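Grab a pencil and have a look at the protein below. Try each exercise yourself before you read its solution.

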Amino acid sequence: MKTASISKIFLLLIFASFLSSCGYNKMVGLDEQVSSQWANVENVYQRRADLIPNLVNTVKGAADFERGTLQDVIEARSKATQVNVNPNDPQSLEQFQQAQGKLSSALSRLMVVVERYPELKANQNFLELQAQLEGTENRIAVERRKFNEVTQSYNSTIRKFPNVIYAGWFGFEKKPYFEADQGADEVPNVEF
């Protein structure tokens, strides 16, 4: 009887040491890095969403502005902030990207129309908001790149042998990447 108990304890110790070297902890750590980096991406998108009302109000106050363009920006911001995204779900991530792409497009149109109003371009508040928005767009690009890097590290780890076996056992699944919007490779036509 003692031999059976000792054998069970011995097998349990071997199994425990086997699991500790299977890469589970590394996969958990990488999964957490992906989640953390996603939070950074959401943070800079929120920063952009927070800047937009100030930008719109400054533009409204400084020029007899084209209401359609302002309305497009307001609606695109509203839709972009209403999208609930799960970074583990490719369809959810795609919907989020589409909403953010529409917002980026509306902001681009706003900046093109602003060129027609010299008094607005000379407004210090507008210039500061524009600089903050440009900085935020750069932050978004950086955080999306970092998200793709940690996602790539996670995905490659769970696909390597022998981790692929353990990843399946413990439910670690491939995560989607941020991808460029369709047509992003085409040069935009800007007219004044």
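Two exercises follow, each with its solution.

This is a predicted model, where local features need pLDDT of at least 70 and side-chain atom pairs count only at pLDDT 80 or more, while totals for chains, interfaces and linings use all residues. Residues are numbered from 1 along each chain as its sequence is written, and side-chain values use heavy atoms, with hydrogens and water left out.

**Exercise 1.** Find which residues of helix 7 are buried, and work out how they are arranged around the axis.

Step 1: Pick out the buried residues (under 20% relative accessible area, 1.4 Å probe, protein chains only). In helix 7 (163-170), these are Asn163, Tyr166 and Ala167.

Step 2: Look down the axis of helix 7. The buried residues fall within an arc of 105 degrees (taken from the directions from the axis to the C-beta atoms), so they line one face of the helix.

Step 3: Check the face turned away from the buried side. That one carries Gly168 and Trp169, which are exposed (over 50%).

**Exercise 2.** Locate the partners of the salt bridge between Glu137 and Arg48, and say how far apart they are in sequence.

Step 1: Recall the cut-off: a side-chain nitrogen of Lys or Arg within 4 Å of a carboxyl oxygen of Asp or Glu. Here the closest N and O atoms are 2.9 Å apart.

Step 2: Glu137 sits in helix 6 and Arg48 in helix 2, so the bridge ties together parts 89 residues apart in sequence.

Step 3: Compare their cover. Arg48 is buried at 0% relative accessible area, whereas Glu137, at 28%, is partly exposed (between the two cut-offs above).

Conventions: Helices (H or I, at least four residues) and strands (E, at least two) are DSSP runs, numbered from the N terminus.
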